[in-house]
Amino acid sequence: MGDAQLAVRARGLTKCFGDVVALDGVGLDLASGRIHGLAGPNGAGKTTLLGLLLGLAVADGGELEVLGRPVGRALAGPRQVAGFVDGPGLYPSLTARKNLAALAALHGRDPRAGRIDEVLAEVGLTDVADDRVRGFSLGMRQRLGLAVALLTEPRLLVLDEPSNGLDPAGKQHVHGALRRLAEDGVTVVLSSHRMDDLEALCSDVTILAAGRVRFSGPLEKLAADSPEVDYRLLTSDPQAALTVAAEVAGVRIVTGAAARRGAGALVVRASAPTVEQLVGTLVHAGVGVREVAPVVPPLEAAFLALTDQQQEGER
Amino acid sequence: MSTATALAGSTGAATEVTPVPVGRVYRFEVVKLVSQWRIRLLVLACWVIPGLFVAAVAQQGTLPADTLFGRWMHATGWAGPLVLLGFSGSWALPLLTSVVAGDVFAGEDRLGTWRHLLVAVRSPRRLFAGKALAGGTVLVLLVAGLLASSTVGGLAAVGNRPLVGVDGHLLAPSDAAQGVLLAWACALAPTLALAAIGLLGSVLLGRSPMGLLVPALAAVAMQVAQMLPLPVPLRLALPGYAFVSWNGLFAEPARLDQLLIAVAVSLAWAVVATAAACLLFVRRDFTNGSEDGVQRRALAFGVAPLAGLLALSVAAVAVAEPSTGSGITQAKVEREVSTAFGHLYRLQTEQLHRSAVTEEQLQVSATCDRGDGHVDPQGAGNDWRCVVTWHLPGVTAPGTAVYQLDVAPDGRLMADGDGPKEVNGYFLVQTPSGDAPNPLWQFDGEIGLLAAAPD
């Protein structure tokens, strides 16, 4: 992919807070017009990275290009970049519409123009447009925060945990809006701890741990590169299934805390091809296989494996 | 190329950053401020309550004589706004600056909106400027309300009549109006200094309630300092003196020297504190929620610049006024008392329809001492005693009257008549139209602290 198509390009990006290294030589290429997921355990450096993209902080070292131009050392973000970190910033004494109108005026737009109604409709807040934000739930605030970001018609949208507190309908609105933006060529970078959200929305994902990039690329590649995953097998004869599984090369029987997540079923750790082979062997041995499913979704499993958290979770 | 130089060297061709103009940030901040019920309530209170207060007090039998111009509230509508100014300098203005300036930055910390604002504005400097200007605008609006409301209340309740100045001379209503306006304008300078200190505290302490209290605490400290027997250069170099120095506008000739020094000092404090707050703000790391080192920053950006400014101001005033004394001397007290007595005697003469006399004819003089002559006659104290002597045309024997004086460290004095009864020993005089307050019974005065003030 040529650099011209990159919305974000980072090389050796470093950021420290005192003795704490938040970002440690991060290299990243985020393609334009796609939805990128940013995942990582707490303290991995996600918010710091998003803050650098938004111009809220300056890196201590490395190179960062946003929308094709290098980011300077001055605090403040480039034009056409919008979003929020640590929740949207809203003023509780103003209504949703007035929050947007004040922001529109700040950006030199006509606060009475129809764009405010458009973005309110886009995030599903038309009905509460004239209510004060003071009474909004977390999910409504998140949606209004997205509306604020949309108001500026950004080319790069940076969102920190945009699905926090959203009910299913709200999530549908937000996901729909983000997909439409990507279709229109807007690059979306969002962080989330919800692997199902990332899986449902993102075409690419970057996994950070301890300030370093552990993986960055398309979701399919992550799945293909994934190491072994835990599978739950519900069979007609668990004892026989256990005996058969123990003899298949590449299959490990999971015991302990991880096995308990199988809710009484047999739990094995293996790669996807090996599990397919195990199912064939079981059928051949006359053991009926009623269900085969990953104990945790593949992206979550990859996340846990890449961030060295799988072992900790099993303890 | 090292990573660090890569970023540093990229400044020239950096991503296009077009910050929002300060004017738009200012309007945005004003909208936010006036949408707060707290601010709306304050605006309403400042534009309504002073008028009602002044009108009510002016109608009462007992006037706030312990406040400068308080004893003249029944006589002219122009005394009300000055009484309110005296009161506001002590309490209202510091509290208003606390609520407005002290919360301008802390409010964003409380709401967690800094990052959002910075992304929208794209310039911490412009953000700071917009917020500071918006806070200042609201403060000016509140101060204007206090002035307008108290003036309307005073004029409506008492009327547009001449005002008795701090040295007893009469100011025509138009001169009184001009003086009132100027006095409030001068009081804006220390108000802005307190507001700047509030901004500094707000930036420094974030969401901590201490940030909100900084202007009020600073004002209390300034008031306490003004009550202490400080040398003149130090007194004038404190921004709080400007809350007192406007009194000199109502003397004849007006004591502009100490007023200008006080206003200049206050404005210097406002500039330095605002600059320190701005520097602190633009250096803030908005991605680090757990910023530490508040004490170190408070020292480097808060205490050190203001302490430096104080030292510089003291040195500058000391060059102009090389005195280590209080500025209150026997000669100044005697001159102030005799001048005020002469002016007020003419007022009493007019009240009683006696034959008019001029001050030249009266030849008033005063002899003052402290502690019955046992105390060095200089400095503040309530043990001053003056014997005033005057002459009337065609009368051989001079008249004499005695006053007990309470002289405050900031130069304000209050003279309490001790007889004879028909001159200054009783609070009422019998006029052809009935009893009226006796202008010679008690009166206020203001001693110029600078050496240049006439002895």
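This is a short walk through the two-chain structure above, from overall make-up to single residues.

First, the ground rules. The model is predicted, so local features need pLDDT of at least 70 and side-chain atom pairs count only at pLDDT 80 or more, while totals for chains, interfaces and linings use all residues. Residues are numbered from 1 along each chain as its sequence is written, and chains are lettered from A and ligands numbered from 1 in the order in which they are written.

Let's start with chain A. It has 12 helices and 14 strands. Helices (H or I, at least four residues) and strands (E, at least two) are DSSP runs, numbered from the N terminus. Of the 315 residues in chain A, 47% are buried. Buried means 20 or more other C-beta atoms within 10 Å of the residue's own; exposed means 12 or fewer; partly exposed is in between; the C-beta atoms are placed from the backbone. Now contacts: two residues are in contact if their C-beta atoms, placed from the backbone, lie within 7 Å. Take the contacts in chain A with a separation of 6 or more: 70% of them join residues 24 or more positions apart.

Next, a sheet in chain A. It is open, with 6 strands in the order E6-E7-E8-E3-E9-E10 and mixed pairing. Pairing here requires that DSSP finds at least two bridges between two strands. Which strands sit at the edges? Strand E6 (81-84) and strand E10 (212-218) of chain A, each pairing on one side only. Neighbouring strands in this sheet are turned by 15 degrees against each other on average, direction ignored. E6(A) runs parallel to strand E7 (residues 156-160) of chain A, over 4 bridges. Within that pair, Gly83(A) is opposite Val158(A).

Helix H1 (residues 46-54) of chain A lies across E3, E6, E7, E8 and E9 of chain A, at about 150 degrees to E7(A). Axes are lines fitted to C-alpha atoms, for helices over the stretch in contact, and angles run from 0 to 180 degrees between N-to-C directions.

One buried residue in chain A. Val174(A) is in helix H5 (residues 168-183). Why does Val174(A) count as buried? Because 24 other C-beta atoms lie within 10 Å. Not counting residues up to four places away in sequence, Val174(A) touches Val123(A), Arg143(A), Leu146(A), Pro162(A), Ser163(A) and Leu166(A).

On to chain B. An unreviewed UniProt entry annotates transmembrane regions in chain B, among them residues 132-159 and 179-205. Such annotations may be inferred rather than shown by experiment; positions follow the numbering used here, and feature names are shortened. Residues 132-159 of chain B are 93% helix and 0% strand, with end C-alpha atoms 38 Å apart. Residues 179-205 of chain B are 100% helix and 0% strand, with end C-alpha atoms 39 Å apart.

Now the core. A nonpolar core is a set of buried Ala, Val, Leu, Ile, Met, Phe, Trp, Tyr and Cys residues joined through C-beta atoms within 7 Å. The largest has 231 residues, and Ala147(A), Ala196(B), Leu199(B) and Ala273(B) touch the most other members. Helix H8 (residues 173-205) of chain B gives the most to this core, with 19 residues. Leaving aside neighbours within four places in sequence, the contacts of Ala196(B) include Trp269(B), Ala273(B) and Ala277(B).

Chain B has strands too. Strand E6 (residues 412-417) of chain B has a covered face, Leu413(B), Ala415(B) and Gly417(B). Its uncovered face holds Arg412(B), Met414(B) and Asp416(B). E6(B) runs antiparallel to strand E5 (residues 399-407) of chain B, joined by 5 bridges. These two form a hairpin with 4 residues between them, and Gly411(B) in the turn has a positive phi of about 100 degrees. E6(B) also pairs with strand E9 (residues 442-446) of chain B, antiparallel, over 5 bridges. There, Leu413(B) is opposite Gly445(B).

Most residues other than glycine have a negative phi, and most peptide bonds are trans. Ala210(A) has a positive phi of about 50 degrees, in the loop between E9 and E10 of chain A. His353(B) has a positive phi of about 55 degrees. His353(B) is exposed, because 10 other C-beta atoms lie within 10 Å. Finally, the peptide bond from Glu252(B) to Pro253(B) is cis.
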